[in-house]
Amino acid sequence: MKKNEQYTVECLSLTDLGAGVCKVDGQVVYVYDFLPGEQADIRIIKTYSKYAIGKVVALHKKSEARTDPVCPVAKRCGGCQMQSVRYEAQCGFKNKWMRDLFKDGDVRPILPAKEPLFYRNKAQFPVSVQNGQVEMGFYRPRSNTIVDTTQCWIQSRPINEIFAWIKTHLSIAQAEALRHVMIRVSSQTGEAQVVWIGRENIGLDDLTARMVERFPAIQSVVFNENRRADNVILGETYTVLHGRDWIEERCMGNRVKLHFKAFFQVDPAQMEALYQTAIDLADFQGDETCVELYAGTGTIGMAMAGHVKEVVGVEIVPEAVENANENVRWNGLENCRYVCQDATAFVGEYAGACDVLVVDPPRKGMSEEGICHIEKLDPEKIIYISCNPKTLRRDVERLAQSGYRCEIIQPVDMFPYTTGIECVARIVKERE
Ligand SMILES: C[S@@+](CC[C@H](N)C(=O)[O-])C[C@H]1O[C@@H](n2cnc3c(N)ncnc32)[C@H](O)[C@@H]1O
């Protein structure tokens, strides 16, 4: 197979990154925007030793799963990989990927989102200047080129309104000194936050004053200095330009103080479905000590507080831990406390009780060392919340070596129109 050659092929399956799989002379070709059962002429655009990448040049047979993307820049933007797939079919593909990954596991059908568009409560828009114009949007797939846009179909409407205003009011000099603009809006309190991220604050105080006048719901505006050359979005130091460095959120009926550096689930409606599933799978009896690793602002532990004797939570971001302890006070909960520590170090040192362990690590999953320490903690149950089914499977396999069996996996569609899958697993200790 050579670059620019054309073939007529049928798509055999869809990878969990959203690429159609077909074969030419027995060799795998990955083709984006090509769905199982479809037939097309494809052109080879890149070859590697074991596979090639192709592009559809003429689609001859369409899948019933196909629909027209709602977003006009869907084919260029790397934000959504499933814009050409009907929503029910997206859930069908996610169910298949989960069943393929956990072959012998009890994987329940994914909980679909009631509102699969305009759901996200946080966006980090890259900013640049091209041909004398301010560009803001999202990156092309596997690139640092911005696909300029005026709205995003998976961001909430208030985020889109603030984004559109910023885009038309940022000067060239301001845009050149910025790298990202982060916008976060609570769907429950309506409070909004804007974080200017870049090397220099050029007249952002004045722009902020005008923006806040236009959008009174903005309670927090921050300039975050980031002069790094890598991909890390947030820098260390910051100045509050308006209001505070946090906004007020809600989660499962609890008030949540949320610092701009702290994590919060991106789909608020599905977050509640996720947490309720975690509570149901934990099947608490009321007298348990629950240890919560990777706790963020304490949202899960606080939701569980009424079902258990006590919650001890651990989180590495100091601002999030401060929020978590403040949130416990705000909500009058007397049985939760949060400490700032690396989760692996914490489980290595912790000598208290642990009947139920709740973990919600970042995409890379738990550390191997952390999993080894779990054997010493000896919880009856582990409720593992994961935004990366592949690392969940790896960790489930590691936990099996310490006598834990994964009983149920419940996927939740937290990221419609993308290939992302969130899930909760109930893992139990096998006692003889
Ligand atoms: C997926 S978020 C979950 C947060 C929270 N459970 C929630 O639902 O909002 C993962 C959290 O783990 C924290 N984290 C990352 N690495 C960590 C580590 N080594 N030790 C403790 N916490 C860590 C992150 O700061 C983040 O708040």
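**View 1. Who sits around the ligand.** The ligand has 17 residues around it, with Gln-265, Tyr-275, Glu-315, Asp-342 and Ala-343 the closest; a residue counts here if one of its heavy atoms lies within 4 Å of the molecule. Keep in mind that this is a predicted model, where local features need pLDDT of at least 70, side-chain atom pairs count only at pLDDT 80 or more, and totals for chains, interfaces and linings use all residues. Residues are numbered from 1 along each chain as its sequence is written, and side-chain values use heavy atoms, with hydrogens and water left out. Sorted by class, the shell holds 10 nonpolar, four polar and three charged residues (Ala, Val, Leu, Ile, Met, Phe, Trp, Tyr, Cys and Pro are nonpolar; Asp, Glu, Lys and Arg are charged; the others, Gly among them, are polar).

View 2. Glu-315 puts a polar side-chain atom 2.6 Å from a ligand oxygen. Asp-342 has a side-chain N or O atom 2.7 Å from a nitrogen atom of the ligand. Ala-343 uses its backbone instead: an N or O atom there is 2.8 Å from a ligand nitrogen. On its own the ligand exposes 590 Å², and the protein buries 88% of that (accessible areas by the Shrake-Rupley method with a 1.4 Å probe).

View 3. On a 1 Å grid over the protein atoms alone, a pocket is an open set of points where a 1.4 Å probe fits, with protein on both sides within 12 Å along at least five of seven lines, and lining residues have an atom within 4 Å of a point. Its lining has 21 residues, with Glu-115, Tyr-119, Asp-267, Pro-268 and Ala-269 nearest the centre.

Conventions
A polar contact is a pair of N or O atoms within 3.5 Å; within protein, one must be able to donate a hydrogen and the other to accept it, and residues adjacent in sequence count only if both atoms are side-chain atoms.
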